[in-house]
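This report describes one protein model, from its overall contacts to a few local features.

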Amino acid sequence: MGLTKKERILIERMIKNKIDIKSIAKTFSITEEEASYYAANPLKPSVLTDELIKRIHELYEQGEKPKDIAKDIGFSTRTVYNHLMTRDDYKVIHKKRLSPHERELIIKMFDEKCEIEFIAKMFEISIAATYAIIRSVKGKNNKLGKRLTNEEINKIQELMNQGYKNSQIARILDVNESTISRQVKKIKKGS
């Protein structure tokens with residue numbers, strides 16, 4: 001199983017031209033098993049073909065993440081990002097530059113208890129970018145977890161009154177148990 005790259009390319013061409021495995025094996029002095037292996041495992045292209053570039057864009061439009069697209073086509077995530085950067089809709093989401101004023105507004109909205117997802121949507125940036133902006137001002141140790149809505153707080157109180165444990169409430173609301181514990185302390189302190 002030690003054919004050169006050129007020989008493997010020739011085998012691929014022979015397969016495309018419907019030449020049988022037996023003839024390929026004889027031509028390259030390899031076993032039929034080896035010829036079958038090479039036929040089933042073509043070489044990865046060294047450059048992206050137009051077909052692969054089209055596939056990157058199709059998968060992105062279907063909502064696939066760049067790292068999943070990279071696995072699918074057999075190229076690096078960086079290569080996928082480079083091709084996605086040619087898209088106007090990708091640049092807006094991932095590379096939007098915000099003015100200092102817009103950054104201040106993001107911090108104000110966060111301080112006024114707006115949800116991160118809402119802030120990101122308003123400024124047309126990713127959630128990760130929103131977190132990064134807030135952390136750059138508030139510091140890395142600032143807790144930026146999902147804030148509980150009034151409905152969730154009321155539900156916690158209701159479940160607490162029914163005798164549910166914090167771990168059970170956390171599972172029901174799909175929230176971290178420590179978040180529930182903090183909220184329960186606030187509820188008990190307010191009573």
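## Overall make-up

Of the contacts in the protein with a separation of 6 or more, 48% are between residues 24 or more positions apart; contact means heavy atoms within 4.5 Å. The model is predicted, and local features need pLDDT of at least 70, side-chain atom pairs count only at pLDDT 80 or more, and totals for chains, interfaces and linings use all residues. Residues are numbered from 1 along each chain as its sequence is written, and side-chain values use heavy atoms, with hydrogens and water left out.

The protein has 13 helices and 0 strands; these are DSSP runs numbered from the N terminus, helices being H or I of at least four residues and strands E of at least two. Along the sequence the pattern reads α-α-α-α-α-α-α-α-α-α-α-α-α.

## Surface and burial

Buried residues account for 28% of the 191 residues. Buried means under 20% relative accessible area, exposed over 50%, and partly exposed in between (1.4 Å probe, protein chains only).

## Helix H2

Helix H2 spans residues 21-28, and its buried residues include Ile24, Ala25 and Phe28. These lie on the same side of H2, because they cover an arc of only 100 degrees around the axis; the arc is that of the directions from the helix axis to the C-beta atoms. Lys22, Lys26 and Thr27 are exposed on the other side of H2.

Cover for the buried residues of H2 includes helix H1 (5-16) and helix H3 (32-40).

## Aromatic pair

Rings of Phe, Tyr and Trp (its six-membered ring) pair if their centres lie within 6.5 Å; planes under 30 degrees apart count as stacked, over 60 as edge-to-face and the rest as tilted. By this rule there is 1 aromatic pair. Tyrosine 37 and tyrosine 38 form this edge-to-face pair, at 5.6 Å centre to centre with 70 degrees between the planes.

Tyrosine 37 is partly exposed at 38% relative accessible area, whereas tyrosine 38 is buried at 4%.

## Glutamate 152

Glutamate 152 is located in helix H11 (residues 150-161) and is buried, with 13% relative accessibility. A polar atom of the glutamate 152 side chain lies 2.8 Å from the backbone nitrogen of threonine 149.

How values were computed
Polar contact = N/O pair within 3.5 Å; in protein donor to acceptor, adjacent residues only side chain to side chain.
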